[in-house]
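Please view the model alongside it.

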Amino acid sequence: LLGLPEGHEYEVPALRAMPHADTKAEASYDGQFYVQLALEPLLRDPAIDRAMDLPAYRARWILFSWTAYLAGLGRPAWVVNAYALQNVACWLILAWLLTRWIPLTAPRHLAAWAASMFSHGLLWSVHFSLVDGPSLLLLACAVVAAERGRTWLLSAILGAGGLARETNLLGVSLFRVPRTRGEWLRLAVLLLVVAAPLVIWQDYLWSIYRTRSLVGREQLGLPFVAYAGN
């Protein structure tokens, strides 16, 4: 998983200096970029730009690079291992949390739980250290917060989730539809809390890369934008 298959010259110095394994080109995946972001979480070293194909695009999904940096106490070798292991930890926590909705009390429930936990996408996330599995855990925690009526906690979880994947912000659908003017005002404040982390981080990226592009090449774009360009 670690390192770019083209050669060590494309790695950030901190990764290049430690023993690690490179994958073959056909087995490489996005985790190789995010683990290097974890070694330079504020993108202060220009070498990070050479380590990724689309630095301004990749750097938007920074949350789990930050958590790996914190878990590894900023020590490169620890950070690399923390980044790889946090997907495993998130999988285990999700396996436990899912029993909240699918109690393992019957064969049918066990089959549904297993189908969820051993799905191709979730195992792919663990295998390649992607952000999808941990993002799913965040959304599950958001559902728990919504069920308990903890709206401020819900907004905080969704705000953090927006730094992992922008699609996590769709979790705002968990908020109840307001009925009074006061509830509408409260919802507006909650939505500001949700949006603030991504807006602030995007502005920080703009100060570095001078681009507010939200998508990369050959990626999903804003609705109708690609269509209008053809």
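Cys-90 is buried, at 13% relative accessible area, where buried means under 20%, exposed over 50% and partly exposed in between, with a 1.4 Å probe and protein chains only. The model is a predicted one, in which local features need pLDDT of at least 70, side-chain atom pairs count only at pLDDT 80 or more, and totals for chains, interfaces and linings use all residues. Residues are numbered from 1 along each chain as its sequence is written, and side-chain values use heavy atoms, leaving out hydrogens and water.

The structure holds zero disulfides (a disulfide being a pair of cysteine sulfur atoms within 2.5 Å). Cys-141 itself is partly exposed, with 29% relative accessibility.

A nonpolar core is a set of buried Ala, Val, Leu, Ile, Met, Phe, Trp, Tyr and Cys residues joined through side-chain atoms within 4.5 Å. The largest such core has 43 residues, of which Leu-37, Leu-43, Ile-48 and Phe-175 touch the most other members. Among the helices that each supply at least two residues of this core are helix 2 (31–39), helix 6 (76–98) and helix 11 (181–209); helices here are DSSP runs of H or I with at least four residues, numbered from the N terminus. Helix 11 gives the largest share, seven residues.

Leaving aside residues up to four places away in sequence, Leu-43 touches Leu-37, Ile-48, Ala-59, Trp-201, Leu-205, Ile-208 and Tyr-209, contact meaning heavy atoms within 4.5 Å. A second, separate core of 13 residues includes Cys-90, together with Trp-91, Leu-98 and Leu-137.
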